[in-house]
Amino acid sequence: MGSLGSNNKDDIVSSETVGKVITCKAAVAYAAGQPLVVEEIRVDPPQKMEVRIRVLFTSICHTDLSAWKGESEAQQAFPRIFGHEASGVVESVGEGVTDLEIGDHVVPIFNGECEKCVYCKSKKTTNLCEKFRVNPMKSTMANDGKCRFSTKEGNPIFHFLNTSTFTQYTVLDSACVVKIDREASLKNITLLSCGVSTGLGAVWNTADLEEGSTVVVFGLGAVGLAVVEGARVRGASKIIGVDINSDKRIKGQAIGITDFINPKDLDKPVHQKIREMTDGGVDYSFECAGNLDVLREAFLSAHDGWGLTVLLGVHPSPRLLPLHPMELFDGRRIVASVFGDFKGKSQLPHFANQCTKGVVKLDEFITHEMPFSKINDAMQLLLDGKSLRCLLHL
């Protein structure tokens, strides 16, 4: 196994491991809600149209926490390796892979792009892929329905979100691996695997927000603050942040909110306050909390006639949308955004270049850094609302 401490690709990957099973450290979840176990696992070589990468950095997202807690019965496939925000270097490629080679700097994406299916080739605005779209229930490789991870005893360990990055080595379908320019910081580019791309893309791609627009963001976690960053870059005239944790005000102001509301401090519904602040409602509202009651407030905060609400939060509840069909006749619209409507392989490299040039402030999103062995501590920080992204060094 290559050196863990160097950023020189020649020290990180070695041709000696190509085609062989690799033994490495991974954080394995054996049961819902139980601490992850950092232990040695076995990682098989990549099969046809697969890539094995050496993970250098990974971080934790609320989606990882939701799956780890087993909030949906259908997600409870254990043992499992979670994680979907990461960056690393290609260690080896399987048969048929032509767009990636050993040593390439890459990020994994949970919403893949095969570039060949009816969805990927469609001229309609969609970033869904017939075979590799995001699927939290999927737990094996698309090629043969088997796992590439196993315990030392040879028992299979399930995959997660096409990625599984809580491990020093992982195997992914090539459709879920994006090559990034080597000038980009692998440390910061980790954030493009999910949170920053999802939030910022919702502003730039889904909403296509115009300069001077008014915005409200419900939920100032990493995705919500990425929405704030995207709105700031696009020149929004007012960016209102809403969160029940008043500590989020400081980070929100550092990134770009102009106003902050804690619903607990109000004696009226949030949407009424926002409509008073914005002469009838905002042009764009973004729901990043994964709460249906919050979603209704976001919808009612949008201006009638043209207001657009973008749904970004993950909603595990079986409840349906809290809207009456007649409420849509006043001109307000509501849409959802997956991975910020970025087509991963064809569009993310350009976005990464923009980040490298300083268009987007990625450093603001990394609030903590820890060695990989402290992953359970990092998860607790996120659970307690004390971190945006804790970067784990592998």
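Start with the buried residues of α6, which pack against α5 (222-234) and β12; contact here means heavy atoms within 4.5 Å. Select helix α6, residues 248-255, and colour its buried residues: K248, G252 and I255. Buried means under 20% relative accessible area, with a 1.4 Å probe and protein chains only. Look down the axis of α6: these residues fall within an arc of 65 degrees, so they line one face of the helix. That arc is taken from the directions from the helix axis to the C-beta atoms. Step off the end of α6 and you land on G256, whose phi is positive, near 155 degrees.

Quick housekeeping: this is a predicted model, where local features need pLDDT of at least 70, side-chain atom pairs count only at pLDDT 80 or more, and totals for chains, interfaces and linings use all residues. Numbering runs from 1 along each chain as its sequence is written, and side-chain values use heavy atoms, leaving out hydrogens and water. Helices (H or I, at least four residues) and strands (E, at least two) are DSSP runs, numbered from the N terminus.

Next, show the sheet. Six strands make an open, parallel sheet in the order β12-β11-β10-β13-β14-β15; strands pair if DSSP finds at least two bridges between them. At the edges sit β12 (259-261) and β15 (333-336), each pairing on one side only.

Now zoom in on β10 (residues 214-218) and β13 (residues 284-287), which pair in the parallel sense over four bridges. Pick F218 and you'll find E287 of β13 opposite.

Methods:
Buried < 20%, exposed > 50% of the residue type's maximum accessible area, 1.4 Å probe, protein only.
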